[in-house]
Amino acid sequence: MFPTQSNRRAWLQSLLYGPAALFTLEAFKAKRCDAAAAIGPDDNIKVTKLETFVLKNTWVFVKISTDAGVTGWGEMLKDDAKACAAGALEVADYLVGKDPRRVGFHWQAIHRGAFYRGGPIKTAISSGIDQALWDITGKCYGVPVYKLMGGPTRDRVRVYGTVSEKTGVNAMKVGPRGSRTPFKYVEGPKMVDEVAERFGALRQKHGKGVDIGIDFHGAVQPPTASLLIKALEPHQPFFYEEIVQALNIDVMAELAKKTHIPIATGERIFTKWGFKEILEKRAAVILQPDICYAGGITELKVIAGMAEAYYSPLAPHNPQGPCSLASSLQIAASIPNFLIQERGDNEYSDLLAKPLPPVTKGYRALLTEPGLGITIDENKLMAQVGEPRPYRARFDEVDGSVVDW
Ligand SMILES: [Mg+2]
């Protein structure tokens, strides 16, 4: 077992101020740096256990334990929740016994060690484990992750979610709402105008001081997407998100050329290789990688670097839990090209032991605690563990055909 922060500090102070003071002031100051952390850089630490937890709401958590008593938490994909949880346990065969602080090395080993690489489930497994390893590493050195990644690059983080006077949040997102769903392959003026009028009413209500994105959710086919992006333009959406599915990037790139409103995408794109094509083909300006399945903190930092070369900002996707938000906030505080954090105003009081720093004037204060900067309350978490909601396909109400989620 390693000395804790407080007893290490007490030990140093006893040496300095006690009868057998051994250190000069300079040596003491240097040692104080080490004393801030529970585990010194040269101390040994090994992974002892990897556990996964599937919540009833489909969120999947991974906890990594070490022989130093330091634990790390991460989150994975919410689809295929049980497959992710089981897959992560298989990685334990590799990870147990290793130094958790070789985060980049382990990312490579987990990703490249698999013959079949990438995809949502595999990348989600490496993403959750990556977050947990960064959490442990930050806790070992006594600093939040962004301080290990050259940050902070900003003083606070802009968030979007629920527009509110109390929090000052002045950015939000909506879907293309009409009187019915889903959209048809080609919609007529009745439906197209209805969507535009509803969005226009929202713009009218909030005024120009509120940024309003619109998320097509990849559930609109290209001909209708083309009609909608023109009809919505006069109301100046903040961005158009997932105007079509990201499976055929050329189609998205074609549509992107037809509008000056920024196109956003990324929540269903994985790793640097997925985002490479988006950037090269100018299919989107705003990248929305999800830290729980695009490759974790390690990979989002790389994706941000690639995006910077194209003058593209990141607006990380987040429909999930506190590790997802905390990890994304670490990225926001360590990259120059950050735009805004999705659901950055979520509080997660049903899973956290301590509240997050409050959102004020639309911005979340930087997390200051070591690692991811949050503390999971395991009792609260265990109370939510259970069978995730079942798989559910969707069908057109009128003709019964399968429609996009
Ligand atoms: Mg979306």
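Visitor: What makes Thr 271 count as buried?

Guide: A residue is called buried if 20 or more other C-beta atoms, placed from the backbone, lie within 10 Å of its own, exposed if 12 or fewer do, and partly exposed in between. Thr 271 has 22 C-beta neighbours inside 10 Å, and therefore counts as buried. Thr 271 belongs to helix H9 (residues 271-280), where helices (H or I, at least four residues) and strands (E, at least two) are DSSP runs numbered from the N terminus. Thr 271 also has a positive phi of about 60 degrees, although it is not a glycine.

This is a predicted model, in which local features need pLDDT of at least 70 and side-chain atom pairs count only at pLDDT 80 or more, while totals for chains, interfaces and linings use all residues. Residues are numbered from 1 along each chain as its sequence is written.

Visitor: Why is Arg 282 called partly exposed?

Guide: Arg 282 has 15 other C-beta atoms within 10 Å, so it is classed as partly exposed. Arg 282 sits in the loop between H9 and strand S9 (286-287), and its phi, near 55 degrees, is a positive value in a residue other than glycine.

Visitor: How do you know that the span of helix H3 is close to the expected one?

Guide: The expected span is 1.5 Å times one less than the number of residues in the helix. H3 (residues 81-95) has 15 residues and reaches 21 Å from its first C-alpha to its last, close to the 21 Å expected. Just after H3, Gly 97 takes a positive phi of about 95 degrees.

Visitor: What puts the buried residues of H3 on the same side of the helix?

Guide: The buried residues of H3 are Ala 81, Cys 84, Ala 85, Gly 87, Ala 88, Val 91 and Leu 95. They cover an arc of only 165 degrees around the axis, the arc being that of the directions from the helix axis to the C-beta atoms, and therefore they lie on the same side of H3. An α-helix has 3.6 residues a turn, so residues three or four places apart point the same way. On the other side of H3, Glu 90 and Asp 93 are exposed.

Visitor: What covers the buried residues of H3?

Guide: The cover includes the strands S1 (47-54), S2 (60-66) and S3 (71-76), together with the helices H4 (103-112) and H5 (119-141). Contact here means that the C-beta atoms of two residues, placed from the backbone, lie within 7 Å.

Visitor: How do you know that Lys 78 is buried, and what does it touch?

Guide: Lys 78, in the loop between S3 and H3, has 23 other C-beta atoms within 10 Å and is therefore buried. Not counting residues up to four places away in sequence, Lys 78 touches Thr 58, Trp 59, Val 60 and Gln 320.

Visitor: Why is H11 described as mostly covered?

Guide: In H11, 11 of its 11 residues are buried, among them Pro 322, Cys 323 and Leu 329.

Visitor: What makes Ile 335 buried, and which residues does it touch?

Guide: Ile 335, which lies in the loop between H11 and strand S10 (341-342), has 23 other C-beta atoms within 10 Å, and so it is buried. Leaving aside residues up to four places away in sequence, Ile 335 touches Thr 153, Lys 301, Ala 304 and Leu 314. The C-alpha atoms of Ile 335 and Met 149 are separated by 8.7 Å, although these residues are 186 residues apart along the chain.
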